[in-house]
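Please open the structure in the viewer and keep the selection panel at hand.

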Amino acid sequence: MNWQPFRGIAPANMTIFSASFPDVSDQWPMKDDTAREIAALDRALKAEPALRPPLIEFEEGGQAVLVPQNRYSEQAYRNRPALEAWRTRLVPTALALFVVQNPLEDRLPEGTKMDSDSRQWFIHANDAIGVRSRAKVLSALVDKYIHNESENNWVSLASGAAIPVLEALRNAKLDGQKVYLTLVDKDPVALRWAETMAAQEGLTVGEQLTLLRRDLVHTLVRNEDLLLELGDHQAELVDALGIFEYFNDADAAIFLQRALRLVRPGGAVIVSNMLTSSPQIDFTLRCIGWEHIFPRSLQQLQDIHLAAGVPVENVTVIVPKDGVYAVMEIRT
């Protein structure tokens, strides 16, 4: 990984780096054409802020149907059957991210065949690149907290199918030491996928792997049930790459306080949040129509960790070169 000074707008006292990573999009055919097409849609939507994102309606019998509410969404989904299936059947579940993280798969997790035009967008859309790059940041940080000299506990909150976690473990410089992994998510389908993929890495339920089907709003933000279940200060590492931006500011501060209680001294919580400056944010939210989230500026992210009682010297922020997400490493 190439760490560089961050050159964007940030709070004066924030420790922040940019980072560059290789990506499947780098040498892929038609990259420039696809990037220009998506950028044009994003510019058009920015020029018309009143345009609304597509709706998902349900026909009699429960079939989900995508209803574009602006001409740019209609253009985007035309002749892209895999993209439409992805949006109607997988978003906002964790398996939607599986497609973005694995854009070369022949089929979506629910069986729809991947078409060429949809694949180009799963590869080259800036938000797709950002999902993959935030996972690479996690992988780069893991070596600081998962050590060879001892057994390690790692808790992944809103883990989904745990693709970034398993990728990071695969790349970790371990020499036979055990990592005990706890995956927490409310989606039973995602946890079943995670169990299958973890088994391919030699992690089995009841030995090194624990799966907990829990709703974090009810078990960590509204009360402390998950803390009581897992115990204070038991993990070297807690990650929450995909959930922070779904909380409002007050809930995000509570979430952060309680996630930090899971961590031993010397460990860390790693979270990410889409930036308000994300280059194709209108394309993502109003053309494709991703679920409601709270994109934030770097200042807003600092305000949240200060509200949670975390001093600035305990936080490092990494923004990959794609500029989609900020990843916060919050040390105890």
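In this tour, buried means under 20% relative accessible area, exposed means over 50%, and partly exposed lies in between, with a 1.4 Å probe and protein chains only. The structure is a predicted model, in which local features need pLDDT of at least 70, side-chain atom pairs count only at pLDDT 80 or more, and totals for chains, interfaces and linings use all residues. Residues are numbered from 1 along each chain as its sequence is written, and side-chain values use heavy atoms, with hydrogens and water left out.

**Stop 1**

Select Met30, in the loop between strand S2 (15-20) and helix H1 (31-46). Helices (H or I, at least four residues) and strands (E, at least two) are DSSP runs, numbered from the N terminus. Met30 is not a glycine, yet its phi is positive, at about 70 degrees. Because its relative accessibility is 48%, Met30 counts as partly exposed.

Next, select Ala158, in the loop between S5 and H7. Ala158 also has a positive phi, of about 55 degrees, without being a glycine. Its relative accessibility is 21%, so Ala158 counts as partly exposed.

**Stop 2: Asp143**

Move to Asp143, in the loop between H6 and S5. Is Asp143 buried or partly exposed? With a relative accessible area of 31%, Asp143 is partly exposed. Leaving aside residues up to four places away in sequence, Asp143 touches Ala172 and Lys173; contact here means heavy atoms within 4.5 Å.

**Stop 3: helix H3 and its neighbours**

Select H3, which is mostly covered, with seven of its ten residues buried. Ala82, Leu83, Ala85, Trp86, Arg87, Thr88 and Leu90 are the buried residues. Among the elements they pack against are strand S3 (55-58), strand S4 (64-67) and helix H2 (71-77).

The axes of H3 and H5 come within 6 Å and cross at roughly 60 degrees. Axes are lines fitted to C-alpha atoms, for helices over the stretch in contact, and angles run from 0 to 180 degrees between N-to-C directions. Angles under 35 degrees count as roughly parallel, over 145 as roughly antiparallel, 65 to 115 as roughly perpendicular and the rest as oblique. H3 and H5 are therefore oblique to each other. Pro81, Ala82, Leu83 and Trp86 of H3 meet Ser118, Trp121 and Phe122 of H5.

**Stop 4: H4 against H8**

Select H4 together with helix H8 (residues 188-200), whose axes come within 8 Å and cross at roughly 45 degrees. H4 is therefore oblique to H8. Ala94, Leu95 and Phe98 of H4 make the contact with Val189, Ala190, Trp193 and Met197 of H8.

**Stop 5: Pro92**

Select Pro92, in the loop between H3 and H4. The peptide bond that joins Val91 to Pro92 is cis, with omega near 5 degrees.
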